[in-house]
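Let's take a friendly walk through a protein model.

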Amino acid sequence: GTNQRRLPDATLVSTNWFPDGKRLLTIQRADRSSPRHLMIMNVDGTESHEIPVEGVAVSGMPLGDGSSILVIASQSGADPRTAVLILRVMHLDGSVVRTITLPTLPGPVRAMMPSRDGQRLAFVALIRDTTDVSPYATKSSTLYTMNIEGSDLKTVATFTGTVEQPSWSHDDRKIALQHDHPYAHDATGKPLDPDNLDSDIVVVDVASGAVRDLKHPDRKYLDETPDWSPDGRLYIQSTRDGAMDIYRIKADGSKPQRLTK
């Protein structure tokens, strides 16, 4: 948890590491009402420059060796939560290599993440709960994978409720996700009791679809945004000790170590 460094002032919508560990691919905006910009920068915030994107950038992720990126965008003026998303593989100068066509599935597709080698894409398709007053209520979520050019679609696992934030292990054999449990909410989806929310981390074997749920049944708190380290451990953000902090845990959920103070 030492050696913290603050990046230049900006609202970071999303941030992803390049494989070399020396650069970041970020989406930035000055404030919530300002345009989004897809930026490459060094980890100290220097040598920042923009990659032009058609539409509104939702997320950007380096592929393979970092010479190309996957950019997810929506049409200008559309709500990213409900808009049809456009996926493009691009060079670092903004030129388009290919546009990825997602398969037609029963529900909207979200939470897309390329594998570490850049060859496959994981994503989640949601089935909305039509009995719920909230337009974002989810009945079930299914994790899929396919080749980055759009072939070889595979169903990996299905979950009740919502899963999001997929992260591939560094050998591309497992995917960790955040599993959100249902909560009481108003018609807009806003929780009625923000202090009583609950989410777990689940780890899925890509080949077999076997699921390991890192549950904490003793009480409710948030375990979120998993990401793998090369040694097979997970980094998560969690409210298990009250405030949201960053923790390192083993892949089975044991030996948690809080890194932020």
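A residue is called buried under 20% relative accessible area, exposed over 50%, and partly exposed in between, using a 1.4 Å probe and protein chains only. This is a predicted model, so to speak of local features we need pLDDT of at least 70, side-chain atom pairs count only at pLDDT 80 or more, and totals for chains, interfaces and linings use all residues. Residues are numbered from 1 along each chain as its sequence is written, and side-chain values use heavy atoms, with hydrogens and water left out.

**The nonpolar cores**

In soluble globular proteins, nonpolar side chains tend to be buried together. A nonpolar core here is a set of buried Ala, Val, Leu, Ile, Met, Phe, Trp, Tyr and Cys residues joined through side-chain atoms within 4.5 Å. The largest one has 17 residues, and L70, L87, I100, M112, L121 and F123 have the most contacts inside it. Strands that each supply at least two of its residues include β6 (68-74), β7 (85-91) and β10 (120-128). Strands are DSSP runs of E with at least two residues, numbered from the N terminus.

Which residues does L87 touch, leaving out those up to four places away in sequence? Its partners are L70, V71, I72, R98, T99, I100, L102, M112 and L121, where contact means heavy atoms within 4.5 Å. A second, separate core has 14 residues, among them A122, A157, F159 and W168.

**The salt bridges**

A salt bridge is a side-chain nitrogen of Lys or Arg within 4 Å of a carboxyl oxygen of Asp or Glu. By this rule the model has 10 salt bridges, including these:

| E54 | R88 | 3.6 Å |

Take E54 and R88, which meet in a salt bridge. E54 sits in the loop between β4 (49-51) and β5, while R88 is in strand β7, so this pair ties together parts 34 residues apart in sequence. E54 is exposed, at 60% relative accessible area, whereas R88 is buried, at 9%.

D152 is partly exposed at 37% relative accessibility, and R120 is buried at 17%. Together with K154, R120 and D152 are linked in a network of salt bridges.

Finally, D223 and R240 are both buried.

Technical notes:
Helix = DSSP H or I, 4+ residues; strand = E, 2+ residues; numbered from the N terminus.
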